[in-house]
Amino acid sequence: MLPPLPLDSNEPRRVPPPRLPGVVVSRTDADAAIDSALADVFMQANGCIGAFGSFHFAVCASRSAEPALRRLMFDPALRSFPWRRTRLWLTDELAVPEEDDRRRGRALHDLIVTQSDLPESQF
């Protein structure tokens, strides 16, 4: 364990990276990264349903996540995503009026709920 720094210290702390199992996999472009991430989500969803009967999927519906969420809906390899056994959670929302088009909940609903067989009560 590192010794504590005084509260008024401006010195940067050099913290060693944690020792974790596994390996780091990087992709050369955004499309490959999205494909890899969604393949993992797909496998996790099916694994959770097999083990627990349902899958909880927490999503930030920001503009930066939109390409991955769109691909989740149109990629043929992901068409069998288990939406009926999934509970979809919105991780954050903008502090704007309900009718504002920037509401992330509305965008997530329009993108996923209306285009999948996810029950409305599970959103």
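Biologist: What is the relative accessible area of D92?
Modeller: First, a caution: this model is predicted. Buried means under 20% relative accessible area, and exposed means over 50%. D92 falls in between and counts as partly exposed, because its relative accessible area is 25%.

Biologist: Which residue meets D92 in a salt bridge?
Modeller: Side chains of opposite charge can pair when their charged atoms come close. Here the N to O distance is 2.4 Å. The partner of D92 in this salt bridge is R104.

Biologist: How many residues apart are D92 and R104?
Modeller: D92 sits in the loop between β2 (86-90) and α3 (104-111). R104 belongs to helix α3. The pair links distant parts of the chain, and its separation in residues is twelve.

Biologist: Is R104 buried or exposed?
Modeller: The cut-off for buried is under 20% relative accessible area. R104 has a relative accessible area of 19%. That value is under the cut-off, so R104 is buried.

Biologist: C60 also touches this region. Where is C60?
Modeller: Leaving aside neighbours within four places in sequence, the contacts of C60 include D92 and R104. A65, L69 and T91 are also in contact with C60. At 29% relative accessibility, C60 counts as partly exposed. Its place is in the loop between β1 and α2.

Biologist: What distance separates the C-alpha atoms of C60 and D92?
Modeller: Along the chain, C60 and D92 are 32 residues apart.

Biologist: Let us turn to α1. What length does this helix reach from its first C-alpha to its last?
Modeller: Helix α1 covers residues 30-52, which gives it 23 residues. At 1.5 Å a residue, 33 Å is expected. The helix comes close to that, reaching 32 Å.

Biologist: Which residue forms a salt bridge with D35?
Modeller: The closest N and O atoms of the pair are 2.8 Å apart. D35 lies in helix α1 and its partner in helix α2, so the bridge ties together parts that are 36 residues apart in sequence. D35 is partly exposed, at 38% relative accessibility. Its partner is R71.

Biologist: Is R71 buried or exposed?
Modeller: R71 lies in helix α2. Leaving aside neighbours within four places in sequence, R71 is in contact with D31, I34, D35, L38 and L78. Its relative accessible area is 13%, so R71 is buried.

Biologist: Which residues do salt bridges with shared partners join into one network?
Modeller: The pair of D35 and R71 belongs to this network. D31 is also a member. The network is made of D31, D35 and R71.

Biologist: About how many helical turns separate R70 and E66?
Modeller: Their side chains meet in a salt bridge, 2.9 Å from N to O. R70 is partly exposed at 41% relative accessible area, and E66 is partly exposed at 28%. The two are four residues apart in helix α2, so the separation is about one turn.

Biologist: How do the elements run from the N terminus on, and what is their order?
Modeller: The chain has three helices and two strands. From the N terminus on, the order is α-β-α-β-α.

Biologist: What share of the chain's residues is buried?
Modeller: The chain has 123 residues. It exposes about 9100 Å², and carbon and sulfur atoms supply 56% of that area. The share of residues that are buried is 30%.

Biologist: Last one. Which element has the highest mean pLDDT?
Modeller: The chain averages a pLDDT of 87, and 89% of the residues score at least 70. Among the elements, α3 has the lowest mean, at 87. The highest mean is 96, and it belongs to β1.

How values were computed: Residues numbered from 1 in each chain as written. Predicted model: local features only at pLDDT ≥ 70, side-chain atom pairs only at ≥ 80, totals over all residues. Heavy atoms only, no water. Expected span 1.5 Å × (residues − 1). Buried < 20%, exposed > 50% of the residue type's maximum accessible area, 1.4 Å probe, protein only. Areas by Shrake-Rupley, 256 points an atom, 1.4 Å probe, with all protein chains shown as cover. Salt bridge = Lys/Arg side-chain N within 4 Å of Asp/Glu carboxyl O. pLDDT = per-residue confidence, 0-100. Contact = heavy atoms within 4.5 Å.
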